Amino acid sequence: MSKEKVVVGEDGIFDAKQLGTSKMMILGLQHMFAMFGATVVVPALTGLDVSTTLLFAGLGTLLFHFLTKGKVPAFLGSSFAYLAGYWAIAPNGEAQLLPYACFGVACSGLLYLVLAGFIKIFGTRRVMRFFPPIVTGPIIIAIGLNLSKSAIDNCAANWWIAVIAIVIVIVCNIWGKGMIKIVPIIMGVVGSYLIAALTGNVDFTPIKEAAWIGIPIHFENTAFSLFGKGDVSLMITSVITIMPIALATMVEHIGDMSAISSTVGKNYIKDPGLHRTLSGDGLATMIASLFGAPANTTYGENTGVLSLTKVFDPLVIRIAAVFAILFAFSPKVGAVISCMPTATLGGVSLVLYGMISAVGVRNVVENRVDFSQSRNVIIAALILVLSIGINFSAAGAIAFKIGSVTISLSGLAVGALVGILLNAALPGKDYQFDEDVPSDTRVNFKV
């Protein structure tokens with residue numbers, strides 16, 4: 001056992017460099033595995049490439065740390081909130097349609113930069129008045145409910161395997177200790193996957209045929225492949241359909257920054273500032289999506305690891321990012337994920353999508369939204385009915401033409417726009433965002 005002295009800085013944060021190289025590597029691996037299960041589930045559900053996902057999770061994290069002056073110990077992994085957007089454009093993971101969905105997600109990253117600019121100019125409190133819980137809460141609820149049919153369809157492939165995944169996730173999340181409690185999704189995936197393999201429900205041929213080393217970027221899967229020859233109508237539809245989801249993910253980002261601030265004991269919303277953290281998250285999402293990876297978001301799993309280890313040095317997170325990049329260059333890893341049974345994905349996603357809606361409810365409840373006010377009831381009602389009703393209607397969207405271009409507005413897009421406009425127009429706005437004492441209320445779309 002090493003007897004080297006662990007040094008704590010003046011700000012109360014462990015200096016990871018004093019832990020020694022071997023311990024830093026172990027801590028970095030722990031953070032990498034904490035995000036791994038949830039991060040690779042997103043490409044497995046959507047049809048995006050696993051290797052590309054890992055590459056841009058690592059690169060996005062490093063970019064985030066650069067833009068936030070290396071102060072915030074946050075890891076950026078795949079965002080579950082955008083699943084509704086991918087499936088609105090590519091409902092069955094069609095390879096030729098996924099670049100359009102990625103283009104829409106990349107454009108949604110621009111909203112992060114716009115919000116960051118407004119915050120820099122006008123201040124956090126004035127800007128956040130337009131995104132109160134009465135707007136963002138119902139939007140988050142609608143995202144989860146719109147995804148519910150897909151989860152049930154996947155579970156139907158083999159309900160027994162799906163139920164095993166669900167049970168493992170619940171048991172680990174409720175009764176698990178230490179790291180088991182922090183990574184219930186990966187435990188559910190591994191447990192259900194293993195039982196499916198033992199019962200002959202997995203074809204391992206793609207894993208045997210996959211190479212150990214390969215290039216994680218494929219041009220035909222990137223949004224760049226659309227430029228000059230893509231369907232302009234579908235590109236515009238994708239942008240309008242997916243961009244409103246950023247309203248929910250930006251709230252998730254603020255919730256995560258508050259949670260990390262509470263965990264570490266430093267106010268990251270003030271220093272380095274919410275405008276910097278939003279910019280880092282938004283740019284990481286834009287770059288990842290353009291190259292065919294899922295949208296990025298700050299990960300609650302890694303915040304849990306911070307709380308567990310009490311090592312808050314952002315250097316450890318950057319080491320985890322480097323490990324993710326190295327894993328990205330192994331197609332064998334991607335093949336293991338792609339062979340995952342549909343029912344396993346269904347069981348895990350059933351919990352995840354329900355959690356998304358539950359997070360929306362929590363966002364409304366913990367912020368004490370007053371439903372005795374008619375304005376709040378009207379705003380929530382219209383967001384929910386429009387978002388869900390249009391999505392499950394015969395057309396699935398509201399379509400109209402501008403010249404020769406056909407534009408389709410998803411239910412979520414219509415609901416979000418109506419909610420924001422009504423909140424701005426109706427009297428009685430009372431929401432105040434407190435940047436001095438960040439709330440530890442979580443807005444996190446992962447178990």
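The residues that line the second largest cavity divide into seven nonpolar, no polar and no charged. They are Leu115, Met128, Phe131, Leu247, Met250, Val251 and Ile254. Helix α13 gives the most to this lining, with four residues. The volume of the second largest cavity is about 30 Å³. The structure is a predicted model, and its count of cavities of 30 Å³ or more comes to two.

## The crossing of α13 and α14

Helix α13 covers residues 245-264 and helix α14 covers residues 269-290. Their axes come within 11 Å and cross at roughly 145°. The crossing of α13 and α14 is right-handed. On the α13 side, the contact is made by Met250, His253, Ile254, Met257, Ser258 and Ser261. On the α14 side, Ile269, Leu274, Thr277, Leu278 and Asp281 take part. By type, the residues of this contact divide into six nonpolar, four polar and one charged.

## Asp271 and its surroundings

Asp271 takes part in a salt bridge, one of three in the structure. The partner is Lys71, and the two side chains meet at 2.9 Å, N to O. Asp271 lies in helix α14, while Lys71 lies in the loop between α2 (50-67) and β1 (76-78), so the pair ties together parts that are 200 residues apart in sequence.

The peptide bond from Asp271 to Pro272 is cis, with omega near 20°. Pro272 has its place in helix α14. The loop between α2 and β1 also holds Lys69. Lys69 is not a glycine, yet has a positive phi of about 60°. Most residues other than glycine have a negative phi, and most peptide bonds are trans.

## The largest pocket

The largest pocket holds about 940 Å³ of space. It is lined by 41 residues, and the closest to its centre are Trp87, Ala88, Pro91, Asn92 and Ser150. The lining of the largest pocket divides into 20 nonpolar, 19 polar and two charged residues.

Several helices each supply at least two residues of the lining of the largest pocket. Among them are α1 (21-46), α3 (83-89), α7 (148-155) and α12 (232-242). Helix α3 gives the most to the lining of the largest pocket, with five residues.

Note on methods
Residues numbered from 1 in each chain as written. Predicted model: local features only at pLDDT ≥ 70, side-chain atom pairs only at ≥ 80, totals over all residues. Heavy atoms only, no water. 1 Å grid on protein atoms, 1.4 Å probe; cavity = no way out; pocket = protein on both sides within 12 Å on 5 of 7 lines; lining within 4 Å. Points joined across faces, edges and corners; volume = space filled by probe spheres on them. Nonpolar A, V, L, I, M, F, W, Y, C, P; charged D, E, K, R; others polar. Axes fitted to C-alpha atoms, helices over the stretch in contact; angles between N-to-C directions. Left-handed = near helix turned anticlockwise from the far one by under 90°. Contact = heavy atoms within 4.5 Å. Salt bridge = Lys/Arg side-chain N within 4 Å of Asp/Glu carboxyl O.
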